[in-house]
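Here is a short briefing to read alongside the model. Take a look at the structure first, and then we will walk through it together.

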Amino acid sequence: MSKQHVSTVINGEPMEFLCEAQQTLLDCLRDELHLTGSKEGCGSGDCGACSVILDGKLVCSCLMLGVEAEGHTITTVEGIAEGDKLHPVQQKFLEHAALQCGFCTPGFIVAAKALLDENKNPTEEETRYWLAGNLCRCTGYDKIVRAVLDAAAVMRGENPPSPAT
Amino acid sequence: MSYLDKSALRLVGTRPIRPDGVDKVTGRANFGADMTMPGMLWGKIKRSPHAHARIVSINFDKALALPGVKAVVSRADFTDVPPEKAHIGAAPHNLRDLSLNCMAKGKVLYEGHAVAAVAATSPSIAEQALDLIEVAYEVLPHVMDVEAAMAPDAPLLHDTVFTAGVEPKPTKPSNVTKMVRFAKGDVEAGFKAADIVIERRYTTKPVHQAYIEPHACLVSVAADGQCTIFSSSQGQFMVRAYTSRICGADIASIRAIPAEIGGGFGGKTIIYLEPVAYMLSKKSGRPVKIVMSREEVFRATGPTSGAVVEVKLGAKKDGHITAARTVLKYQAGAFPGSPVQQGCICSLAVYDLPNAETIGYDVLCNRAKVAAYRAPGAPIGSFAVESCVDELARELRIDPLKLREINGANEGTKAVHGPTWVNIGYQKTIDAAKASEHLKTPLGPNQGRGIASGYWHNAGGESSAACHVNEDGTVTVTEGHPDIGGSRASMALMVAEVLGVPFESVRPVVGDTTAIGFSASTGGSRVTFAGGMAVTQAAEKAVAELKKRAAVIWDISPEAVEWKDGKAYPAGPNAGSFEPLSLAEIAGKAARTGGPISAEVQINAQGQGPGFTTHICDVEVDRETGSVKILRYTAIQDVGRAIHPSYVEGQMQGGVAQGIGWALNEEYVYDKDGRLENPGFLDYRVPVASDMPMIDTIMIEVPNPRHPFGARGVGEVPIVPPMAAVANAIADATGIRMRDLPMSPPRLLAALDAEQPRLAAE
């Protein structure tokens, strides 16, 4: 069966790829475009490790077919930083030690960015419910939530204290 | 040298950003499934749909005829590991069993057991090829639950297994692979002397480690047998050794490269895929990548045991426990090796018991072979003992924390399994609990508070490390332990502390099996202890060498040189008056003063300190739905010395979250044919962010003097108490004692309704 040709914009760059009809967007990102930052944790949309932003909306890329990306705009974890300037969410994850194994981290970074793009001042509860679609088995979520709330403060122009040195 | 004086430390105890952090937050870090090689094929594994069956035949004809299929393997491609070669080095696993687990021989022993594999030019062709492999089975009766498997007429998994540890030696094979027993004093006399005796029975279901990264590997075997393996595991030396033994290759022919690992918790201290990928690569002549789906992870990789635990406690009215007897029956799954012995030992280790007996049974059943899961065996045993101690406290009307204080282990206590405790912090965790803000906070309606304690012995073992001073004065430290939780940051902290240089100038690296000496796996809470000991010794050796080189430059005796704040100084006015030399200055002259400046160390670390902990949990029970909300949680643990406090807190918080999931929701659901009905994260319900509150941690430092910085293992102890802490809190909130895990909403609702039948809906 011949492959489909897909044109899309990923992390601000026009990109095209060939794929089989049944390959998910996640498969295409990882195996056709070698953007391996997005991870497969479950393949069924339950863990959020494959989170990307599609036309400004947070989606699980494992629940979308690659061919459905035709003509759309996608942001992956690789597009969150600007060159060597980390996004506040990324910086705060590092300062708060909000990652241990780091496998769920790309999904959380993307999901947190999507949250803060929509809600500049989330409460702890709003943050927890927004991130309920991203599973982490290492951290118990404590430091992740603190990092996201701190990043929100930075993005509002406030200067939250650093975690204790 | 000893660095036990915290006030003298400059770096250890601070919270710098981990050196591998930027790659992880930007998606650049390479995990097991992220690598490719030219010419790579995709491998997939055909798995048994039956819980117990004889393999009658396997036919590959149709699969081989599919264009794009390049190789197939089955048991026929593997040689059995002979019994005398079943163990390798000090590794704990039976490789004869592991080989049969990687590829079934004659019989399949659980749904998901591998029977064949294929490598093809794309994942979809490999998938199609699997359907074309024809396997005929003769289905056999199966057995799942531990007590059913112990019955004399239970279906037998292996007719070569006879119960070890019983006299006289049995003549009939059994699913009970062994019985273990530890005892102290005279339990019968102890029970006779008691004012009150209670006997209770507790059960747990199997749960999975549920790491978010499925198993994955990329294996390339060249025509001359030289092999490269890229995989995520808890030990690249384990990957190399086990693959070599199962595939019949020399160890030196295999280079195992550790990928970043997306969680393990013990479940990646063994292998499933590498030997299969090895054979596919050997037969096809091309690299082969195999990645498990989440469904495969649930069906075919080790959960931990489900269990039945019976506890009998006798005590005086004043709270002193006079006797304890526990009987633990743990599922091993398809091959021997549940952690029942650890369960026996750890659950009683928290207490100073004059008379005690603990008996454990390891029981085969048609489930995936059990794998280690964070403090293996201990959480199950402690769920039972800590619940029973709480029940005893309520019977005696003594505060549960006070009861633990009365009976808790102290300096000099002799544990039931033999050792005498020195340098332990258990009573300090009780003191901290008593003084905590948490305990003073009042509770509202339908809310309750539970206390539980825990113990884990931690591990030492073999580690290697190398410390290289580079030409510009920066330092590369190579060690052999996959970093599952931020350990590279701790390694760099310790090395930078010894050398007296900035943290940022030390680059820690986890080397592959050709880059560093043998190192035992990441697990047993041993990396900061044993790995840290090795890197510290390597750094000290490097300092000795740097002093020697300064002596050469100054033309004085090495004894006349001292090292301070990253520089060599003359040791006194008699040594001569020389300007201090920095690492960079000495390193720049290395070639002229003797050659490259490196130090390498190989140790078998001894003297690991045990870990003790006490947890406080507040819950709120919704009487309409049976759902339990964790309101507040405090974990208090003796951590020895927190090298990087953020990552120690992280271990405590992560263990607590896993324990809460184990307590409230996680379980395997099987149908009547032994097939798993919930092999995915929707119905295998782990805690999500909205389930959890912030998790407060109190780190108590009773340094372990056997480690240069006082470190103790910290990663496993925190998962030991939560199940009982939650159960005790539910009992406090509702008066209902849940003795069977998980305490999921349907079960709690049924118990609430039984206590107080609902009025008919209005």
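**Strand partners and overall picture**

A:Val9 stands opposite A:Thr73, a residue of strand S5 of chain A. This is a predicted model, in which local features need pLDDT of at least 70 and side-chain atom pairs count only at pLDDT 80 or more, while totals for chains, interfaces and linings use all residues. Residues are numbered from 1 along each chain as its sequence is written, and chains are lettered from A and ligands numbered from 1 in the order in which they are written.

**Strands of chain A**

- S1(A), residues 4-10, and S5(A), residues 73-75, run parallel and are joined by 2 bridges; two strands count as paired if DSSP finds at least two bridges between them.
- S1(A) also pairs with S2(A), residues 13-19, this time in the antiparallel sense and over 7 bridges.
- Within that pairing, A:Val6 has A:Phe17 of S2(A) as its bridge partner.
- The hairpin of S1(A) and S2(A) has 2 residues between the strands, and A:Asn11 takes a positive phi near 50 degrees there.

**Chain A as a whole**

- Chain A has 5 helices and 5 strands, where helices (H or I, at least four residues) and strands (E, at least two) are DSSP runs numbered from the N terminus.
- Read from the N terminus, the order of elements in chain A is β-β-α-β-β-β-α-α-α-α.
- Along the principal axes, the C-alpha atoms of chain A fill a box of roughly 55 × 30 × 25 Å.
- Of its 165 residues, 56% count as buried, that is, with 20 or more other C-beta atoms (placed from the backbone) within 10 Å of their own.
- In chain A, 60% of the contacts between residues at least 6 apart in sequence join residues at least 24 apart; a contact means that the C-beta atoms, placed from the backbone, lie within 7 Å.

**The two domains of chain A**

- Chain A splits into domain 1 (4-78) and domain 2 (88-155), with bounds that come from an automatic or database domain assignment.
- The centres of the two domains, taken over C-alpha atoms, are 21 Å apart.
- Contacts link 13 residues of domain 1 of chain A with 11 residues of domain 2 of chain A.
- Strand S3 (residues 51-54) of chain A gives 3 residues to the domain 1 side, the largest share.
- That side of domain 1 has 7 nonpolar, 5 polar and 1 charged residues, with Ala, Val, Leu, Ile, Met, Phe, Trp, Tyr, Cys and Pro counted as nonpolar, Asp, Glu, Lys and Arg as charged, and the others, Gly among them, as polar.

**Where chain A meets chain B**

- 45 residues of chain A are in contact with 43 residues of chain B.
- Helices H2 (88-95), H3 (105-118), H4 (124-130) and H5 (142-155) of chain A are the elements that give two or more residues to this side of chain A.
- H2(A) provides the largest share, 4 residues.
- By class, the side of chain A that touches chain B has 24 nonpolar, 13 polar and 8 charged residues.

**Chain B**

- Chain B contains 21 helices and 26 strands.
- Its C-alpha trace spans about 90 × 75 × 60 Å along the principal axes.
- Of the 762 residues of chain B, 58% count as buried.

Terms used:
Two residues are in contact if their C-beta atoms, placed from the backbone, lie within 7 Å. A residue is buried if 20 or more other C-beta atoms lie within 10 Å of its own, exposed if 12 or fewer, and partly exposed in between; C-beta atoms are placed from the backbone.
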